[in-house]
Amino acid sequence: MSNTTAVPTPGAFQFPEIYNFPPLFTRQPNESTWQEQRRQWCDLILAYYRHNRLYSLTLAEAITEPPFTNRQIHRSLRVDVLRELVDDLVKQGNASWTGAKNAKDSCLVLWRKPEVWASMIYQWANERGLFNTVLTVFELANGDDTVGQEFHNLDSVTLRRALDVLQSQGKAQLFVGTSDEDMGVKLFA
Amino acid sequence: MMKDNLEDFVREHQRDIRNNPAFRVQVQRMCQLIGVDPLSSRKSYMSELLGVGDFYCELGIQIIDICVATRSINGGLMDLDELLRRLIRRRLKGSEPVVEDDIRRAISQLKPLKGGYKIVCFGKRKMVQSVAREMNSDQAKVMTLAQYTCKFTMEDVRVAFGWDEDRIHSCVDDMLRSGIVWMDEYNEAYPEYWVMAFFSQLNSALTMANAE
């Protein structure tokens with residue numbers, strides 16, 4: 001049975017073998033080695049965040065913690081290198097800069113793309129016969145009815161992105177409340 | 001007369017030859033002593049008799065697969081020990097066991113390929129090289145220097161060989177460019193250059209030991 005709750009996957013995260021390689025934490029001067037290094041890091045970031053059900057990172061804080069710090073070998077990734085990696089993830093649709101424009105100091109890590117979350121939510125609503133009902137975003141994320149769904153306890157910013165996708169697909173309409181959690185959404189066929 | 005006896009022997013023990021690597025090695029040495037090379041042609045009579053044509057072909061394909069998959073990380077250089085471990089891990093349970101000798105034979109069959117598959121040695125380390133590249137003697141010396149520590153600084157090289165700065169820089173640049181060495185800038189004054197293939201062998205040995 002797959003992990004259907006939004007809690008971290010049981011068991012410790014399995015780091016790849018290259019994680020203990022000190023040079024992994026230095027931006028490689030050789031271009032093709034750097035390409036490979038980026039690939040390794042991007043895969044690692046998405047896998048780590050997915051495993052631990054984490055949705056966002058603030059660069060300055062993140063580099064002091066795993067996966068960007070490996071205490072066993074006393075190495076940390078530099079913030080400017082992490083910034084380049086996030087840019088890569090943004091390009092492939094797996095991250096999104098948040099915070100001040102062009103500041104590039106915090107981001108969402110979209111280990112599951114908003115489109116996929118969107119279709120999970122839509123499918124659930126369809127199965128429960130909830131089209132044309134107004135639901136609060138809070139209910140959607142935290143309500144009893146969604147316990148056991150992958151998007152239960154989903155981070156609110158990521159959830160908002162998913163709902164925006166549904167709205168742009170003509171499958172939902174969002175109603176603004178006084179806060180994000182007050183927001184309502186109506187899904188339709 | 002000897003050849004006939006050998007053929008009978010091989011026919012009778014075909015199963016053992018496939019499943020027992022030590023025995024297989026002995027039989028092959030016997031063949032070579034008599035002047036029969038079982039692998040000289042895939043269609044050769046002896047190769048079919050020994051039933052090993054497919055075995056080495058399959059092994060060769062698995063070796064190519066592993067080398068190509070890791071090339072962008074290690075620059076096309078892998079420790080023979082690590083390759084053996086990866087092959088064993090990868091081969092299905094119940095398939096014939098492999099030993100180092102089998103890898104050597106499979107690789108010698110791959111020589112005609114453009115990939116340039118061959119075994120190179122640096123001190124006590126035996127490596128499989130899977131890219132067509134001639135390592136110059138300076139690089140080979142540095143590789144041998146780093147064989148146990150997996151890494152070196154430019155200062156280590158200067159102390160060991162007395163080369164001037166330009167010569168050392170040129171050597172290190174070549175090694176970086178070929179992708180066999182990665183740089184660690186933890187100590188900015190004395191960056192360390194790590195040979196991925198050396199590290200990888202050690203690390204995978206440790207990982208497997210811990211897993212057991």
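Student: Is A:Lys104 buried, partly exposed or exposed?
Tutor: This is a predicted model, and in it A:Lys104 has a relative accessibility of 28%. Buried requires a value under 20%, and exposed requires one over 50%. Because 28% falls in between, A:Lys104 counts as partly exposed.

Student: Where in chain A does A:Lys104 lie?
Tutor: Strand 4 of chain A covers 95–98, and strand 5 covers 106–109.

Student: Which residue makes a polar contact with the side chain of A:Lys104?
Tutor: Leaving out residues up to four places away in sequence, A:Lys104 touches A:Leu59, A:Arg83, A:Asp87 and A:Trp97. A:Arg83 is 21 residues away in sequence, with a C-alpha to C-alpha separation of 7.1 Å. The polar contact of the A:Lys104 side chain, at 3.1 Å, is with the side chain of A:Asp87.

Student: Does B:Glu82 count as buried or exposed?
Tutor: B:Glu82 sits in helix 6 of chain B, residues 80–90. Beyond its neighbours within four places in sequence, B:Glu82 is in contact with B:Ala197, B:Ser200, B:Gln201 and B:Ser204. The relative accessibility of B:Glu82 is 1%. The limit for buried is under 20%, so B:Glu82 counts as buried.

Student: What distance separates the centres of domain 1 and domain 2 of chain A?
Tutor: Chain A is divided into domain 1, 17–109, and domain 2, 114–187. Six residues from domain 1 and seven residues from domain 2 take part in the contact of these domains. Taken over C-alpha atoms, the centres are separated by 29 Å.

Student: Which residues in domain 1 of chain A lose the most area to domain 2 of chain A?
Tutor: The two domains of chain A bury about 530 Å² between them, with 54% of it on carbon and sulfur atoms. On the domain 1 side, three residues together account for 80% of what that side buries. They are A:Arg53, A:Tyr55 and A:Leu108.

Student: How many salt bridges does the rule find across the interface of domain 1 and domain 2 of chain A?
Tutor: A:Glu150 forms a salt bridge with A:Arg53, and their closest N and O atoms are 2.9 Å apart. The cut-off is 4 Å. For the interface of domain 1 and domain 2 of chain A, the number of salt bridges found is one.

Student: Which strand gives the most to the side of domain 1 of chain A that touches domain 2 of chain A?
Tutor: The residues of that side divide into three nonpolar, two polar and one charged. The strand that gives the most to this side, with three residues, is strand 4 of chain A.

Definitions and conventions: Residues numbered from 1 in each chain as written. Chains lettered and ligands numbered in written order. Predicted model: local features only at pLDDT ≥ 70, side-chain atom pairs only at ≥ 80, totals over all residues. Heavy atoms only, no water. Helix = DSSP H or I, 4+ residues; strand = E, 2+ residues; numbered from the N terminus. Buried < 20%, exposed > 50% of the residue type's maximum accessible area, 1.4 Å probe, protein only. Contact = heavy atoms within 4.5 Å. Polar contact = N/O pair within 3.5 Å; in protein donor to acceptor, adjacent residues only side chain to side chain. Domains from an automatic or database assignment. Buried area = accessible area lost by both parts, 1.4 Å probe. Salt bridge = Lys/Arg side-chain N within 4 Å of Asp/Glu carboxyl O. Nonpolar A, V, L, I, M, F, W, Y, C, P; charged D, E, K, R; others polar.
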